[in-house]
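Me: I'm new to this one and would like to learn how to read it. Could you walk me through a few features?

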Amino acid sequence: MQAVTITQISAPEFETLLENTVRKVLNANKLNSNLDSDSEDIGDIEFAHKITGKSISTLYRLSSTGGLPCSKRGNKLYFSRKKLLQWISEGEKPTVEDLVNRTNEHILKSA
């Protein structure tokens, strides 16, 4: 336990002390919330909505047809952040440069 010393301080010194204390608390909370968001790997339909930007009805439809990776327990759907991000990246369309490179590779292999 630390010893506490009581002394008189000026108003500006008190404001500085208070500001520094608040900054420390806010920074500690910010670090904790970043850790929490990293550990939030599984979520419900709202979680999937925030990650994908798709409407809830679209997410339900994609889930029921097997078009969207999810797990189901009882009546509740669960989504993995990692799998949703992978699903999004798999839907990426190739650029013209990608198509040209693939064509050139195919021509070289065929020759």
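Me: How far apart are E19 and R23 in helix α1?

Reply: Keep in mind that this is a predicted model. E19 and R23 sit four residues apart in helix α1 (residues 11-39), so about one helical turn separates them.

Me: And what do their side chains do there?

Reply: The general idea is that side chains of opposite charge can pair when their charged atoms come close. Here, the side chains of E19 and R23 form a salt bridge, with 4.0 Å from N to O. The total for this model comes to one salt bridge.

Me: Are E19 and R23 buried, partly exposed or exposed?

Reply: Residues with relative accessible area under 20% are called buried, those over 50% exposed, and the ones in between partly exposed. E19 comes out at 46%, so it is partly exposed. R23, at 48%, is partly exposed too.

Me: What share of the chain is buried?

Reply: Out of 111 residues, 14% are buried.

Me: Okay, what about the overall layout? How many helices and strands are there?

Reply: You'll find five helices and three strands. Follow the sequence along and the pattern reads α-β-α-α-β-β-α-α.

Me: How do I read two helices packed against each other?

Reply: Two packed helices are described by the angle between their axes and the distance between the axes. Take helix α2 (residues 45-52) and helix α3 (residues 56-64): their axes are 10 Å apart, at an angle of about 105°. Angles of 65 to 115 degrees count as roughly perpendicular, so that is the word for α2 and α3.

Me: Which residues meet there?

Reply: From α2 you have I45, E46, A48, H49 and T52, and they meet I56, L59 and Y60 of α3. Sorted by class, this contact of α2 with α3 has five nonpolar, two polar and one charged residues.

Me: One last thing: what share of the contacts links residues 24 or more positions apart?

Reply: Counting contacts with a separation of 6 or more, 48% are between residues 24 or more positions apart.

Methods
Residues numbered from 1 in each chain as written. Predicted model: local features only at pLDDT ≥ 70, side-chain atom pairs only at ≥ 80, totals over all residues. Heavy atoms only, no water. Helix = DSSP H or I, 4+ residues; strand = E, 2+ residues; numbered from the N terminus. Buried < 20%, exposed > 50% of the residue type's maximum accessible area, 1.4 Å probe, protein only. Contact = heavy atoms within 4.5 Å. Axes fitted to C-alpha atoms, helices over the stretch in contact; angles between N-to-C directions. Parallel < 35°, antiparallel > 145°, perpendicular 65-115°, else oblique. Nonpolar A, V, L, I, M, F, W, Y, C, P; charged D, E, K, R; others polar.
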